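Here is a short briefing on one protein chain. Please look over the sequence and the coordinates before reading on.

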Amino acid sequence: MEHQYTSTEIKERFDEVSGKTLGQIDEEKNNGRDFQRTIENPKITGIAGDVIEHSILGYGSDTKQEADIEIDGKQVEVKTTGLTGELDNPESYKAKERITITNISPHKLVKETFETSSLWNKLENTLLVYYLYDSKKPVKAAEYANFPYLGYQLHEFPEADLKTIMNDWKIIQDFCLAQDVIDKKNEAQAKAYSAAKKSMMYLETAPGWKNGPRFALKQSYVTSIIKEHFTNQNIDEENNISSYAELDAFLSANSKKYQGRRVGEIAKELGIASSSKAVASKLIRHILEPNTGEDEVGIVEKSGMVIKARTMYSDGRKKEDCKFFTLDFDEFRNADGDVTETEAYRYFDNNQFIFPIFKKEGKAKTQDDTFVGFKRFSFSEEYLEEHLKPVLQQI
C-alpha cells in the first residue's frame, strides 16, 4: 500500500484544517490547484473529495477497486460526503446524498463471498470526511470553495447493520446467479433487476442495470451514521430485522396482535397520549421499534422507511389524500434537465413506504378508530419512469 498513515497522523492532518473552508484548505495546502481547475471546468464533479485527498491526505485520486489508504496497518476507504443543515446545529445535519462505494462487476460478483467481495473490501474500514453543503440550491464546482469542513470519523459497521448489508449484497449476487448476466443485458433482466433491488434495506444501486450500476449506501442510512457521530444519538443494536422479508413477517405478526383494536386502547397499552393528531404514526413507530429509545436511531430511519398512516371509512372511502413532502421548485430550475437527480425523484425511488391502515366509523374520534393492518409498498422503476418522471419534467 502506497499511502500509509498512523491514526495519530490522521488526527493531526485533520485537526490542522478544523474550522476552514474547502477553498482555504486547497489554497493553503495545494496552492489552490483544485479550484483553479473549476475555471475551465465549472461542472467538474468530486471537487470536495479531491481537496481532501490532495490537500489533507496528500495523494492523487484513483479509481481502483481496492481501499484507498492504510491506517495502522488496516486497509481504509476514504469517502468525502456533503451534509445539509445549519452549521451551528449538528442535530439538523443530514446526508445530502447517498455514498457510492464500488462498481457491480457480475463476472466477479458471482464468484465472491461477501467477505472477499469488492464491496466489503471498500467498507470494512472507512474514513468518512464531512463538509457542509452550505447552499439551498445546486451550485457550480467553484462555489464548493465556500463550504466548511466539518470533521471526520473512522467508521466500523455495527454487527446488526453488517448483517443487513450482507443480506443486501446477496440480493444482487443471487440476481446475477439466477440470470444470464455475464455476456448480455436485456430488457427482461433490467425489469427483474429493478424489482430485486427494491428489497435492499441499507444499500442501493444506481444507475439502472443496463448502464452499469454501482453499490451505494442509502442516503437515509448515511444520515443515521451522521446523527450518531455529531449528536448523542446511538444506533439501536437490538433490532433483529435485517431484511424486508423479516420485516414483513414482523408486520404480519403485529397486525394480528393489534388488529380490530381501537387506537385509544392500543395507545394506553403502549403509554402514548391518544389525543395527538399524530397518534397513529407514533403508535406504528412504537410497534416497529419497541426497543428503540428516544435517543437512538432505529430501523425506520436507517432504511429510509416512510410511515404514512391511512384512515379509511367502513364503506372503503379514504378520509383524506396522502401528503408526502413540500416541493423545492428551485431544485428544478437547477436540475439541468435531469429530474432523476432531484430530491423529489429520489424520495420515491429510494424509500419504502409503510402504510398502517385504520378504519373510521362515521364521525368517530381518532381514539375510536380501529387498526386494520399494514401495507408495505415501494414504487417500481417502471412506474417512476412512466408516471413520475414525466410529471417532474413538466414541473
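Which elements of the chain have the lowest and the highest mean pLDDT? Strand β10 (residues 234-235) has the lowest, at 55, and strand β6 (residues 126-132) has the highest, at 97. The pLDDT is the predictor's confidence in each residue, from 0 to 100. This is a predicted model, in which local features need pLDDT of at least 70 and side-chain atom pairs count only at pLDDT 80 or more, while totals for chains, interfaces and linings use all residues. Residues are numbered from 1 along each chain as its sequence is written, and side-chain values use heavy atoms, with hydrogens and water left out.

**Confidence and overall make-up**

- The mean pLDDT of the chain is 86, and 89% of its residues reach 70 or more.
- Where pLDDT is low, the predicted coordinates should not be read in detail.
- The chain holds 16 helices and 15 strands. These are DSSP runs, numbered from the N terminus: helices are H or I with at least four residues, strands are E with at least two.
- Of the 395 residues, 48% count as buried. Buried means under 20% relative accessible area, exposed means over 50%, and partly exposed lies in between (1.4 Å probe, protein chains only).
- Accessible areas come from the Shrake-Rupley method with a 1.4 Å probe; for residues, only the protein chains shown count as cover.
- Among contacts (heavy atoms within 4.5 Å) with a separation of 6 or more, 67% involve residues 24 or more positions apart.

**Strand pairing around β9**

- Strands pair if DSSP finds at least two bridges between them.
- Strand β9 (residues 214-217) runs antiparallel to β5 (residues 99-103), joined by four bridges. Here Ile-99 stands opposite Leu-217.
- Strand β9 also pairs with β8 (residues 203-206), again antiparallel and over four bridges. In this pairing Ala-206 stands opposite Arg-214.

**Salt bridges**

- A salt bridge is a side-chain nitrogen of Lys or Arg within 4 Å of a carboxyl oxygen of Asp or Glu. The count comes to 25.
- Arg-37 bonds in this way with Asp-50, the closest N and O atoms being 2.8 Å apart. Arg-37 lies in helix α3 (residues 33-40) and Asp-50 in helix α4 (residues 47-57), so the pair ties together parts 13 residues apart in sequence.
- Arg-37 is partly exposed at 31% relative accessibility, whereas Asp-50 is buried at 12%. Asp-34, Arg-37 and Asp-50 are linked in a network of salt bridges.
- Asp-174 forms a salt bridge with Lys-170, with closest N and O atoms 2.9 Å apart. Both lie in helix α7 (residues 159-178), four residues apart, about one turn of the helix.
- Asp-174 is partly exposed at 34% relative accessibility, and Lys-170 is partly exposed at 41%.
- Glu-187 forms a salt bridge with Lys-210, with closest N and O atoms 2.9 Å apart. This pair links distant parts of the chain: Glu-187 in helix α8 (residues 187-196) and Lys-210 in the loop between β8 and β9, 23 residues apart.
- Glu-187 counts as exposed at 57% relative accessibility; Lys-210 is partly exposed at 41%.

**Nonpolar surface patch**

- Phe-325, Leu-327, Phe-329, Val-391 and Ile-395 make a nonpolar surface patch of about 410 Å².
- Patches are made of residues with over 30% relative accessible area and no salt bridge; like charges are joined within 9 Å, and nonpolar side chains (Val, Leu, Ile, Met, Phe, Trp, Tyr) within 5 Å.
- Phe-329 is found in helix α14 (residues 329-333). Phe-329 counts as partly exposed, at 47% relative accessibility.
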